[in-house]
Amino acid sequence: MKRWHKLLIAGVCIGMSIILISGCGTSKKDDRRIIRVGHNQATDHPTNIALMEFEEYIESKLGDKYNVEVYPSELLGSQTDMVQLTQTGAIDFCVASNSILETFSENYTLFNMPFLFDTTQAYHAAMDDPKIIEPIFESTKQAGFEAVTWIDAGTRNFYTVSKPIEKPEDLKGLKIRVQQSPTNVQMMELLGGSATPMGFGEVYTALQSKVIDGAENNEMALTSNGHGDVCKYYSYNMHQMIPDILIGNVAFLEELSKEEREIFEEGFELVNRVERKEWVKAVAAAKEKAQNEQGVTFLYPDTKPFQEICMPMHDSMLKQYPDLKPIYEKIQSHNAANPATAE
Ligand code: GCU
């Protein structure tokens, strides 16, 4: 073979290798920073709808630098797992129930108190009040995460496979799933049921296999999580309005430039706004589906006997965590401004 011929073949081989290594030379390498956001709801849930809008918004403004990926349905683990992943920065954001956050910071105990808010209006006004949420949202910075917005999760009520709950005594002898928080276990015990703490993703199977007799949650759990296929009684005893909280890794948030942070803050507000709008529609649709397709009976018991049993928890919480008192009092002023008659 002539020398120039050999050189030509060697040149072609080197060229081919470069093309193969660089991914055929046509597609550009995506070196955008991936932002992982995890949550435990299904894709049709208001939380997911709001986070998809967050993804779209951030990418419309900063899409050349960031690629937001939303992982629904506990794909990244249970809420407790996801909070830990957010703490260490393995993921950037997750949605956790305020109940779960109580085990990471005692300050979150406050929003888990049963019958804390008198009305939905008082609940929303309090959660929109920076003087109430900021001290709590910022209190976990040392632990590696901070709360960036709250998400409406409606009102929590009892629902059971076969025994209608009309008064606290009806809970006696029943195993009721609660979230993994000391406050929720204590509440359940005071009300007379047997508290069975477990992660959200395990509840359907536990109901179906009769490991538990019931649970407590908002109406979406009946449809979005299928609990209404097994539980036929849902009682509006209204024991808690527990928000979900979007939390972010502190190191990630602090590395953002001032301009980027502003855009992210707008994105967090968007999550709150979109979810609240979607929530109203989703709950109405869930109730209708549960009643008409799943055969769930909705009951409207007198909520006072439930409330009377739980109220002493407020005083013991304030005795245990006196620093929360000024915030608790601010919540009471929102209750006074939004009384039950306004509902
Ligand atoms: C609601 C809430 C979730 C929570 C779940 C539960 O669905 O929005 O954040 O995980 O209740 O009871 O665990």
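Modeller: Happy to! A polar contact is a pair of N or O atoms within 3.5 Å; within protein, one must be able to donate a hydrogen and the other to accept it, and residues adjacent in sequence count only if both atoms are side-chain atoms. This is a predicted model, where local features need pLDDT of at least 70 and side-chain atom pairs count only at pLDDT 80 or more, while totals for chains, interfaces and linings use all residues. Residues are numbered from 1 along each chain as its sequence is written, and side-chain values use heavy atoms, leaving out hydrogens and water.

Let's start with asparagine 40: an N or O atom in its side chain is 2.9 Å from an oxygen atom of the ligand. For arginine 156, the distance from a side-chain N or O atom to a ligand oxygen is 2.8 Å, and for asparagine 217 it is 3.0 Å. Taken alone, the ligand exposes 310 Å², and the protein buries 97% of that (accessible areas come from the Shrake-Rupley method with a 1.4 Å probe; for residues, only the protein chains shown count as cover).

Now for the surroundings. The residues around the ligand include Gln41, Ser97, Ala153, Phe200 and Asp244; a residue is near a molecule if one of its heavy atoms lies within 4 Å of it. Sorted by class, this shell has two nonpolar, seven polar and three charged residues. Here Ala, Val, Leu, Ile, Met, Phe, Trp, Tyr, Cys and Pro count as nonpolar, Asp, Glu, Lys and Arg as charged, and the others, Gly among them, as polar.
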